[in-house]
Amino acid sequence: MVNQRLDSRAVFLLSQIGHHVAYRFTEQLARLDLDPAHFAVLGHLAVADGRSQQELADLLRVHRNAMVGLVDELETRALVTRRQHPVDRRAHAVHLTDQAREALAAIQSEADALEAETLAPLEESERALLLPLLHRIAAHAELPAGIHPGLQRRRRARREPQ
């Protein structure tokens with residue numbers, strides 16, 4: 001058996017970098033009293049405001065009860081409002097508030113700065129190659145686009161008694 005240094009393995013480096021970036025981004029969100037799950041909901045609403053809680057749960061692949069909790073948390077922070085759904089009287093449509101739009105702009109700015117810092121050692125041409133390669137790896141792993149796999153684990157961990 002040949003021992004191989006961990007840093008000679010691409011999967012180790014991807015994991016190491018991913019953990020570092022996720023930790024840094026989570027810290028940035030915490031300064032706004034948010035976490036990555038909140039950001040995921042807000043991000044999906046920024047694309048299509050007024051989605052139902054069930055639509056959001058389906059998009060983010062979380063249980064509907066977890067989505068209710070997430071929306072409750074965002075509503076408490078005055079980042080979303082629930083309104084009667086225009087088509088389905090049994091459903092609530094979730095809408096961003098002006099405060100949420102300001103928070104999203106701040107988060108985007110922080111994310112841009114983190115990405116620039118993380119990719120600083122790469123030339124522009126290398127950066128242009130990196131994203132399509134990462135997309136191919138994610139697609140091969142059948143990871144849903146734009147949904148972090150840690151989101152479901154985070155919601156389950158929060159519900160489990162300590």
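Gln53 touches Met67, Val68, Val71, Arg82, His92 and Val94 once residues up to four places away in sequence are set aside, where a touch, or contact, means heavy atoms within 4.5 Å. The model behind these values is a predicted one, so local features need pLDDT of at least 70 and side-chain atom pairs count only at pLDDT 80 or more, while totals for chains, interfaces and linings use all residues. Residues are numbered from 1 along each chain as its sequence is written, and side-chain values use heavy atoms, with hydrogens and water left out.

Gln53 sits in helix α3, which covers residues 53-60. Helices here are DSSP runs of H or I with at least four residues, strands are runs of E with at least two, and both are numbered from the N terminus. Gln53 has a relative accessible area of 14%, so it is buried; that word means under 20% relative accessible area, while exposed means over 50% and partly exposed lies in between (1.4 Å probe, protein chains only). In α3, Gln53 is buried along with Leu56, Ala57 and Leu60. These four span an arc of only 100° around the axis, so they lie on the same side of α3; the arc is that of the directions from the helix axis to the C-beta atoms.

Met67 meets this set of residues too: leaving aside neighbours within four places in sequence, Met67 is in contact with Val41, Gln53, Leu56, Ala57, Leu60 and Val62. Met67 also turns up in the largest nonpolar core, which has 27 residues, and there Val41, Leu42, Met67 and Val80 touch the most other members. A nonpolar core is a set of buried Ala, Val, Leu, Ile, Met, Phe, Trp, Tyr and Cys residues joined through side-chain atoms within 4.5 Å. At least two residues of this core come from each of α1, α2, α3, α4 (64-76), β2 (92-96) and α5. In soluble globular proteins, nonpolar side chains tend to be buried together.

Zooming out, the protein chain has 7 helices and 2 strands, and read from the N terminus its elements go α-α-α-α-β-β-α-α-α. Of its 162 residues, 28% count as buried. Among contacts with a separation of 6 or more, 56% are between residues 24 or more positions apart.

Ser52, in the loop between α2 and α3, is buried because its relative accessible area is 9%. Beyond four places in sequence, Ser52 touches His85, Ala91, His92 and Ala93; the C-alpha atoms of Ser52 and His85 are separated by 7.0 Å, though the two are 33 residues apart along the chain. Gly50 belongs to the loop between α2 and α3 as well, and with a relative accessible area of 17% it is buried. Its contacts, again not counting residues up to four places away, are Leu45, His85, Ala93, Val94 and His95. Leu34, in the loop between α1 and α2, is buried at a relative accessible area of 5%. Leu34 is in contact with Leu29, Leu42, Leu74, Arg77, Leu79 and Ile107, leaving aside neighbours within four places. Leu34 and Leu74 are 40 residues apart along the chain, and their C-alpha atoms are separated by 8.7 Å.

Glu142, not a glycine either, has a positive phi of about 60° and is found in the loop between α6 and α7. Glu142 has 71% relative accessibility, so it counts as exposed.

The largest pocket has a volume of about 2500 Å³. On a 1 Å grid over the protein atoms alone, a pocket is an open set of points with protein on both sides within 12 Å along at least five of seven lines, where a 1.4 Å probe fits, and lining residues have an atom within 4 Å of a point. Grid points are joined across faces, edges and corners, and the volume is the space filled by probe spheres set on the points. The largest pocket is lined by 50 residues, with Gly18, Val21, Ala22, Leu134 and His148 nearest its centre. Two or more lining residues come from each of α1 (10-30), α2 (36-47), α5 (98-118), α6 (124-140) and α7 (150-159), and α1 gives the largest share, 13 residues.
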